[in-house]
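Me: Pick one part of this structure and take me through it slowly, please. Then show me a bit of what lies beyond that part.

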Amino acid sequence: VILAVAAVGALTFVGVQSVHAIDSRSSQGQARQWERDGEFWDCLTIQAHSLVVPGERVQINQAGLPTRVMLEKVVGGWTTLVTDSKNATVVLLIKTDHARKSCLGSVVVEYAPGSNLHGRPEKIGSGASDRGNGSLPATPL
Amino acid sequence: MSTIAATILTIGCFGIAGIVPAWAMVGPSGSTLAFAILIGAVETAVAGACSLVIAWSTLPWFFIVAAAVTLVSAFFLIQRWRGRSADNGGTSALRTLRARLPGAAVVATLGLTLVWCLVPLRVPSVGWDARAIWLLRATWFARGHDFLLVAFRSPGELIAHASYPPLISTAVASSWQLTGNHTERLGVVIVALLNASATLATSWVIVEVGRHAARRQDRDKRVSLAEGVGIVCAALFTLVTFGIFGPFATNGYADPLWSVAAVGAIGYGLILPPNRRNLAASAILLAVSGLTKTEGVGTAIVLVILIALRYSLSLSSSPDWHQEGSKELAPDRRRGLGSIARTKWKAIVASAAVLIGVSLWPILARLENATRDVNTSGSRQGTWISRAHLTLDAIAPHLHVLFIAVPVALVGGVLLGRHRTGAGLGSDLWAWLGLLGGLSVVISAYVTGPGNTAFWLLTSAHRTTMFAATAAWLIVAVWAVVAAASIEDERAPSPQTTSAPPDRALLTTMATSDGEQATNPPGKATAMASFGEVMRIRLTR
């Protein structure tokens, strides 16, 4: 009897905790935050589409892991990512620029392969912008 | 097409693709539909492999693979039905079907619990890994062979983990191609429903444990108690499982799927009686686990070996088996032993097939020159000892359930071990070996793997321990059901329930691989005359 009560009791206790946790993850506030997150990534994707076409050989700027990872998420599914600029048709980069029509302060820009990635970019992503206040939900890893 | 319509269409297609093989493998039960959906997902993974190696995109291959598997399964199903009809005029099949179909209360309890667990899908979250790995690779599979091959070999794809197993990505790619709704939202919803299907299949183990425990009872009240506790514990286990998964249950991550599928394989392969149906169920779940994530491959390999070992030992432990050489054996008994030998070989061949199946993707990825995974290649930082310390420190906070599971298992093993084996259930040691085997795979990857293990642990220990934590809760839930079913036995042991030696009960349950025992009056099984007779009944089915 004690074993049955202890085991069912433990399951019930943790089950109730899970109910609360599940409930807290489905609030309206959470939904709005994640809608903002989706809009941010959609914004970057539209900007990238304004610069390169599907299947194009793209080099992502190697400097700065966070922006590199962001760009890989944005274009990795529909372009061919190359590491050598000789094989690339364009080089993409994410720049922080709150003044432009940005996606929460980030803009996708294009440079010619082999250029030093400084100065004015060849093209600037367009078609979408999200000035927002820059707050995105904390993404659990 | 809207996300809801696209979800219904996709899950419907998976279910239709998998229903005949699911019926052939696990028979009718409350979890058959869940297995059908999972088989559909496994078929997309096979389709993805064909797309990578041969041509086209995932969807055409999915149709071909699904049609082929359905035809083969239908052939075996018809053969089996014909055999049964010849034996008993078809009445047994109907009785079995009636006994297997779940009551409305069971369906309502587990269905509503799962619906509640999926409520966070209202929030359109897409996880970091989901966007960077699983959904990104789904785009490759949807775009077809040429693009897939180039992307697989591209050193520019730093974070996509090209060599990871394909199931999540191919299931999502198929949903996009089927519906034309190429959104991350749909991908996340499909992954969440696969998680729910695998969780339902695993929770069903606890319902089955309740039924097995109930079969030992001879009074309706006690039967109801055992079955009722089984259903309640299955619902609680579902809630606890989704609690362990946290936000990853509904944001497109792969960890919940491989973890709960592997735990389900422990349930069907190492806890429930080792009959054809349970072995088939564990094989499906092992395929899901092994085709979902690299940790799942290692864990599935360990579990295949354990399940094969348990099955072989359960055959060998029969007293009659040890007398195989005796010249005094009756002809029917000799025939039975010959059948055991054949069954053993079949088990070995089936285990080898599952082993090859789950190992095939890593080999294929290597043969196709997929970009080396950053988690499994490169130089190692730190010594094995320092990495082991870091690993144990990092995973311990996620395994507090062991403080409950270990004492429960110890007390249960000492006080109720006989009740458990008497109900035809496997020794708890098997489940613990499965848990420790899977955990060892994860720990050894952290200790012997490349790179900085501290960072690696920081970003993954909470997910890689999902398997061990869920398995420990399954162990607790099973003991809860066994203990509840044994309450009356402890107070007033009935001759009928205590007279059956564990081995005989186990073998009897093995013999009734298609659930016919559920239709027998309690105690009838113990009256079966001999082991040879039992095996003959089983093998002529």
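Reply: Start with the buried residues of α3(A): A:R68, A:V69, A:M70, A:L71, A:E72, A:K73, A:V74 and A:V75. Buried means under 20% relative accessible area, using a 1.4 Å probe and protein chains only. This is a predicted model, where local features need pLDDT of at least 70 and side-chain atom pairs 80 or more, while totals for chains, interfaces and linings use all residues. Residues count from 1 along each chain as written, chains are lettered from A and ligands numbered from 1 in written order, and side-chain values use heavy atoms, without hydrogens or water.

The helix itself covers residues 65-75 of chain A, and 8 of its 11 residues are buried, making it mostly covered. (Helices are DSSP runs of H or I, at least four residues; strands are E runs of at least two.) What do those buried residues pack against? In chain A, they meet α2 (28-49) plus the strands β1 (57-60), β2 (80-82), β3 (90-96) and β4 (106-111). From chain B, α6 (128-143) joins in. Contact here means heavy atoms within 4.5 Å.

Now hop over to chain B, which has 23 helices and 0 strands. Of its 541 residues, 59% are buried. Take α1(B) (residues 3-26) and α2(B) (residues 32-53): they pack at about 110 degrees, with axes 6 Å apart. That makes them roughly perpendicular, a label for angles of 65 to 115 degrees. Their contact includes B:F14 and B:W23 of α1(B), and B:F35 and B:I39 of α2(B).

Conventions: Axes are lines fitted to C-alpha atoms, for helices over the stretch in contact, and angles run from 0 to 180 degrees between N-to-C directions. Angles under 35 degrees count as roughly parallel, over 145 as roughly antiparallel, 65 to 115 as roughly perpendicular and the rest as oblique. Buried means under 20% relative accessible area, exposed over 50%, partly exposed in between (1.4 Å probe, protein chains only).
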